[in-house]
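Open the model in your viewer and keep the selection tool ready.

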Amino acid sequence: KRRLLMLLKGKRICALVHHDFEDLELWVPVYRLREEGAIIELVGEGAGKKYKGKYGVPAISEFSFADALTREYDGLLVPGGWAPDKLRRFPEVLELVRKMDAAEKTIGQICHAGWVLISADILRGRVVTSTPGIRDDMQNAGAVWKDVPAVADGHIVSSRRPPDLPEYCRELIKNLRQTAIFQMIGLRRS
């Protein structure tokens, strides 16, 4: 049981940041994954840049989007808020999302973060959730949208909004653990 609990120890997770991220949607998953032993790297437009969340909580990026493309990650976190509308305008972000998707690495998205996955064109046929405000966007991108707290479809974990963070974090951790088990026995998810 102890080995199962430490499956995320040393796993490297990329968390995207930009101005006006939803504070709880970034920091709650970051802290939960750190509790599980994962290494979280904050990635923004520039390394060492300070970003403010919607409610003023700061985040300082450790790496740039371009740096992230050269690094090896086990998972990706995209917080909501208004940051996703900015993040999806960077070709490096979309390339990183596509790279993670092609490698079947866990991608966590909550609230408006679905906009980034839409712009990366990876949602066709996937079952997801999001804030109801972008439901039409998700469906128009080819996703099957569900009004549930959290859903995992393969390696993509999605959630609606801050009140759903407990369910989202549970699904995210479960998904990352499953991926770690598949890696240990030499299998891909699909």
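Helices (H or I, at least four residues) and strands (E, at least two) are DSSP runs, numbered from the N terminus. This is a predicted model, where local features need pLDDT of at least 70, side-chain atom pairs count only at pLDDT 80 or more, and totals for chains, interfaces and linings use all residues. Residues are numbered from 1 along each chain as its sequence is written, and side-chain values use heavy atoms, with hydrogens and water left out.

**Stop one: Cys111.** Select Cys111, in the loop between β7 (106-110) and α6 (114-119). Its phi is positive, about 65°, although Cys111 is not a glycine. Most residues other than glycine have a negative phi. Is Cys111 buried or exposed? Cys111 counts as buried, because its relative accessibility is 9% (buried means under 20% relative accessible area, exposed over 50%, partly exposed in between; 1.4 Å probe, protein chains only).

**Stop two: Asp20.** Now go to the loop between β1 and α2, where Asp20 is found. Asp20 also is not a glycine, and has a positive phi of about 70°. Asp20 is partly exposed, with a relative accessible area of 30%.

**Stop three: Glu22.** Glu22 sits in the loop between β1 (12-16) and α2 (23-35). Which residues touch Glu22, leaving aside its neighbours within four places in sequence? They are Lys54, Tyr55, Gly80, Gly81 and Pro162 (contact means heavy atoms within 4.5 Å). Next, find the backbone nitrogen of Leu24: a polar atom of the Glu22 side chain lies 2.7 Å from it.

**Last stop: Ile181.** Select Ile181 in helix α8 (residues 165-184). Ile181 is partly exposed, at 35% relative accessible area.

How values were computed: Polar contact = N/O pair within 3.5 Å; in protein donor to acceptor, adjacent residues only side chain to side chain.
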